[in-house]
Amino acid sequence: MISLFLQVIPALMLGLFALKVLSQQGVSFAGQIVFLLAYFFASTWSLKLNTHFGHGITGIFALLSMLLWLEGKRWKTLGLCLGFTLLCDYSGLFVLIATFLCAFYYKDFTLKRICWVGLGALLPAVLWIHYHNVCFGGPLKISLSYQNPDYQDFKNEKDNVWYRDWE
């Protein structure tokens, strides 16, 4: 039931928003139908909507970021969506990098708009920093270091998360 309200319904609403943006961009009706088929059936995140919450919601935020970019009006919302894409799944970093690389080729993307995008991304950035500080001990530490001891270099065996004093 949670997946229905937090993933499926937002994905359907996003599909309708995509149709609106694509029609404003001059995409043919056939192109819009192909996009919807690819959106709902040909992406890995749509297959994982009911099993992995982070992947589904990351896909929704990534697609919404792309649509907001195409729309070219809501720059703070674009920043917010990019930030939440990264916050939901670390792979969102690739979407963030691609967006900023595209910004250099977009003729109307000014420094003012970059600042608006940055302002929109401020809330997810603060949440990222707080989450990683509380859970892992620093803003750049990730959970992987606690999942496999081979990823950490320990000077002392007692510093190891997997260390057990069986005596």
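User: How many helices and how many strands does the protein chain have?
Analyst: This is a predicted model, where local features need pLDDT of at least 70, side-chain atom pairs count only at pLDDT 80 or more, and totals for chains, interfaces and linings use all residues. Residues are numbered from 1 along each chain as its sequence is written, and side-chain values use heavy atoms, with hydrogens and water left out. Helices (H or I, at least four residues) and strands (E, at least two) are DSSP runs, numbered from the N terminus. The protein chain has nine helices and zero strands.

User: Which helix holds His132, and is His132 buried or exposed?
Analyst: His132 lies in helix α8, residues 122-136. Buried means under 20% relative accessible area, exposed over 50%, partly exposed in between (1.4 Å probe, protein chains only). At a relative accessible area of 0%, His132 is buried.

User: Which residues is His132 in contact with, leaving aside neighbours within four places in sequence?
Analyst: Contact means heavy atoms within 4.5 Å. With those neighbours set aside, the partners of His132 are Tyr90, Gly137, Gly138, Pro139, Lys141 and Ile142.

User: What percentage of the residues of the protein chain count as buried?
Analyst: The count runs over the 167 residues of the protein chain. The buried share is 31%.

User: Where is Phe5 found?
Analyst: Phe5 belongs to a helix spanning residues 2-24. That element is helix α1.
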